[in-house]
Amino acid sequence: MKIAVIGTGYVGLVTGACFAEMGVQVTCVDVAEEKINQLRQGSIPIYEPGLDKLVYKNYANGRLSFITDLVECLDDVEVIVSAVGTPPNEDGSADLKYVLEVAWTIGQHINKYVLVVTKSTVPVGTARKVKAAIQEELDKRGVSVEFDVASNPEFLKEGDAINDFMKPDRVVVGVESDRAKQLMERLYKPFMMNNYRLIFTNIPSAEMIKYAANAMLATRISFMNDIANLCELVGADVNMVRLGIGSDSRIGNKFLYPGCGYGGSCFSKDVKALIKTAEKEGYDMQVLKAVEAVNEKQKTILFHKLLKHLGADLNHRKIAIWGLSFKPETDDMREAPSLVLIDNIQKAGGKVNVYDPIAIASCTRITGDRVKYSANMYEAAYESDALLLVTEWKEFRLPNWDLLKKTMNTPLILDGRNIYDKKELESLGFTYSGIGY
């Protein structure tokens, strides 16, 4: 089976590599010539554990190739997977410019049947626009070529994307024809040998499922952050509360961990886009608006704790931050709480030292030389007046507390992910504050 995957970003490259691993002949297409040359040389432009080896292996075996012009492979492929970016517009809606550019190109050049699959996260109704755009170009050419469109949203977790794709808990596909359904069943059959997890829906439902799933997870996070903040005020322990409600089978224990706010490319963008989609239909998504508001406020929680302990004037204060990416096992800093924290500390006059195992390069591109970058976690904390844990990388779990106590100016630990034991740290002479207890 031969397919094309358009876009070699996070979703496209993972998708292409994983299909190739299962024996599919995959051509990855990207207009960025520099990125394509980089991939041909075995260099991966994004960080995702295991992806580099998977790409290199399948490229070397000839199952995975990289080109800059979709037209080169259109006559050979049965399926075209569109995984181009859908960045947010200023109003929060999804920008479909790249999605439609792909559709126009397909309509201008196809000569035989092809199934066009949208894998990018797109608002309900996008497949209809893609179909219209392709048909418009066919009409301009005065030709009649059969084609189908389908929606196949991705549910990849950054840091565990390969495992998510290879062993999916479900694969959602929205189709309009039996032919499209059969092609998608054939494409995903290698991933379904032990457990059939293909869910077929109509196309609008498939488009909605991705947004609804991310919005639900974001809602659980913001709910727990709200509960955590109230716990602090009334003397409750959010860790005990989380255990109690998570034991309820109707609720479960996933995504009930309070923290200093969610970030990344999905939750914030998708919540905003869903709110905007509803507005266009004359509906007010009150719950999701509250979810977004709670999250934006939560990103300032560590800063306010810092001011509570050190005072409003942070001039000549050195603040250490452990963790920059929005979550562990990625270098992604889009919408990361660390960025809000850095800005607030600097506006209050503080100097910021940062360390992250992977995301230093990403931070440099965003913040430049406004912060001091450290080679390791202890260098960042050296002579600091406070240490703020923002991203729960594994190497931060068991630090050398004796060394930190000796080298920090002020033994103040503000834990944005609740990974440390309050009683233990207080017994060692630290001042400690987590989220919700």
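Predicted model: local features only at pLDDT ≥ 70, side-chain atom pairs only at ≥ 80, totals over all residues.

I counted 52 positive and 57 negative side chains in the protein. I then looked up the centres of the two sets, and they lie 3 Å apart.

Next, the surface. The protein exposes about 20000 Å², and carbon and sulfur atoms supply 51% of that area. Of the 437 residues, 53% count as buried.

On to overall form. I noted 17 helices and 14 strands. The C-alpha trace spans about 75 × 45 × 45 Å along its principal axes. How does the radius of gyration sit with a compact globule? For 437 residues such a globule would have a value near 22 Å, and the protein has 24 Å, so the two agree.

I also checked how far apart in sequence the contacts reach. Taking contacts between residues at least 6 apart, I found that 73% join residues at least 24 apart.

The largest nonpolar core has 44 residues, and Ile3, Phe19, Val26 and Leu115 have the most contacts inside it. Helix H1, residues 10-21, gives the most to this core, with 8 residues.

Leaving aside neighbours within four places in sequence, Ile3 is in contact with Phe19, Val24, Gln25, Val26, Thr27, Val77, Val79, Val81 and Leu187. A second, separate core has 42 residues, and Val77 is among them, as are Ala103, Ala127 and Ile275.

Note on methods. Residues numbered from 1 in each chain as written. Heavy atoms only, no water. Core = buried A, V, L, I, M, F, W, Y, C linked by side-chain atoms within 4.5 Å. Buried < 20%, exposed > 50% of the residue type's maximum accessible area, 1.4 Å probe, protein only. Helix = DSSP H or I, 4+ residues; strand = E, 2+ residues; numbered from the N terminus. Contact = heavy atoms within 4.5 Å. Rg over C-alpha atoms; globule rule 2.2 N^0.38 Å. Areas by Shrake-Rupley, 256 points an atom, 1.4 Å probe, with all protein chains shown as cover. Lys, Arg positive; Asp, Glu negative; His and termini not counted. Charge placed at Lys NZ, Arg CZ, Asp CG, Glu CD.
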